[in-house]
Amino acid sequence: MPTEHPTAPPAADPAGFAEFYRQNFAAVLGFVTRRTDSVHLAADLTADVFLTALEQAESYDARRGVPAAWLYGIARNVLAAHFRGSARERQAVSRIAGHRLLDEQDVAAIEARIDAARDARQLAASHAALSEPLRAVLDLVAVDGLSVRETAQALGISAATARMRLHRARKALRGVTPSVGTSLNSPLEATS
Amino acid sequence: MNAPVHTPADAVTPVNFERRLGEELTARAAARPVGTPVGTPVGMPVRVRSRRTRRIAVTSLGLAAAVTAVVVGTHAGGGHDAPEAVPGVSTPVAGPVTPAVRDAGYTVTVRPDHVVALKIVGTQLSGLQATLRRAGLPAVVMTPAASCVHKVTPVDTGRLTAVMSLDPKDGRVALLDPAAVPHGDSVLVVNESPAGARHASVGSLAVLLTRPAPSCFPASQVDVGEG
């Protein structure tokens with residue numbers, strides 16, 4: 001997770017979007033590699049997330065949250081559509097085949113990230129027993145490291161609702177797999 | 001944000017992939033027509049909605065005032081340079097831009113970083129819109145009209161401060177950055193000088209971001225000060 005907080009909004013003009021992309025590339029790649037162990041799929045999904053962000057850039061509203069939270073919401077939707085097998089119909093020409101942009105160094109780098117994210121993927125898998133609303137909150141907080149407030153912004157819910165779902169998710173998992181509870185107690189920001 | 005689970009901070013970056021993807025996205029952003037509806041797939045043919053069906057979002061900045069933003073509803077009236085579709089302006093070369101009329105009351109200069117420097121030197125502002133557009137700004141220049149009727153709602157966006165500032169070396173010069181104008185927005189310049197004014201300055205102008213530009217600006221909305 002970047003130590004700086006990305007601030008560039010998802011502007012649709014070339015220069016503005018380029019800065020937004022630069023600030024958020026690592027975060028999106030990390031999000032994707034915590035959910036797939038395929039290098040090519042990681043590249044394709046990363047490209048798809050940013051392409052979707054470009055298409056929806058004008059829908060970003062700073063009053064609703066920070067740019068990164070908005071982007072996490074898009075990333076969740078893109079990956080969910082992919083894994084449901086219900087990706088939006090597109091003319092092939094409009095998509096970016098991310099895997100075609102990879103060279104050997106890129107493949108090695110993404111493989112290293114996928115290896116490093118193994119524990120994160122296992123943690124995410126341990127959340128599979130949860131209902132989707134609870135899992136969505138817990139994944140963003142415990143797996144992706146977002147604050148409760150940022151998670152709420154990404155999901156379009158109130159912070160209070162996010163906190164409630166997080167509490168219920170932790171409680172539910174403690175009841176199913178007590179050993180997982182320890183990782184959930186790792187320091188997490190208590191936000192307003 | 002907190003650190004995600006077990007992801008090293010020094011993870012290797014696929015630099016070439018990052019660069020190539022960035023180039024591809026930049027190219028697609030550049031190819032995206034003005035006014036493309038939200039959600040339109042990039043690279044797809046675009047049907048642009050008419051102005052009547054598009055909600056107008058307006059932000060404004062008086063040069064000596066706090067940043068605010070307003071929403072403008074349907075409108076009527078005149079008193080302005082005719083708004084027109086922003087032409088596809090290629091990047092202007094740095095240097096002075098010839099005013100559209102003789103004895104113009106302004107100077108417009110494009111700096112090497114493409115920022116447009118606007119200085120008001122007189123009361124004759126005719127042709128300012130065309131001059132600013134040649135300088136690279138998607139500009140619309142208006143004079144407030146008493147016959148113009150608007151419904152105004154304050155909304156905070158904060159984007160205008162990136163578009164406009166005063167030259168720290170010369171407070172009489174307004175600096176307008178075309179690159180900071182959000183895609184699809186127009187820069188609305190409102191001449192708020194009282195009718196018959198013998199002197200004018202860049203402080204007589206109100207600069208707003210609009211999408212699309214309204215066809216008039218209400219006189220009732222002008223923040224008229226003393227003197």
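## A disulfide in chain B

B:Cys148 and B:Cys216 are joined by a disulfide, with 1.9 Å from S to S (the term covers cysteine sulfur atoms within 2.5 Å of each other). Over all chains, the count by this rule is one. B:Cys148 sits in the loop between β6 (139–142) and β7 (152–154), while B:Cys216 is in the segment after β11 (205–211), so the link ties together parts of chain B that are 68 residues apart in sequence. Strands here are DSSP runs of E with at least two residues, and helices are runs of H or I with at least four, numbered from the N terminus.

The link is right-handed, with 70 degrees about the S-S bond. Both B:Cys148 and B:Cys216 are buried, meaning under 20% relative accessible area with a 1.4 Å probe, protein chains only.

## About the model

This is a predicted model, where local features need pLDDT of at least 70 and side-chain atom pairs count only at pLDDT 80 or more, though totals for chains, interfaces and linings use all residues. Residues are numbered from 1 along each chain, chains are lettered from A, and side-chain values use heavy atoms, leaving out hydrogens and water.

## Where two helices meet

Now for α1 (residues 14–33) of chain A and α1 (residues 15–31) of chain B: they pack at about 150 degrees, axes 9 Å apart (axes are lines fitted to C-alpha atoms over the stretch in contact, and angles run from 0 to 180 degrees between N-to-C directions). That makes α1(A) roughly antiparallel to α1(B), a label for angles over 145 degrees.

Among the residues that meet are A:Phe17, A:Tyr21 and A:Phe25 from α1(A), and B:Phe17, B:Leu21 and B:Leu25 from α1(B); contact means heavy atoms within 4.5 Å.

Notes. Angles under 35 degrees count as roughly parallel, over 145 as roughly antiparallel, 65 to 115 as roughly perpendicular and the rest as oblique. Buried means under 20% relative accessible area, exposed over 50%, partly exposed in between (1.4 Å probe, protein chains only).
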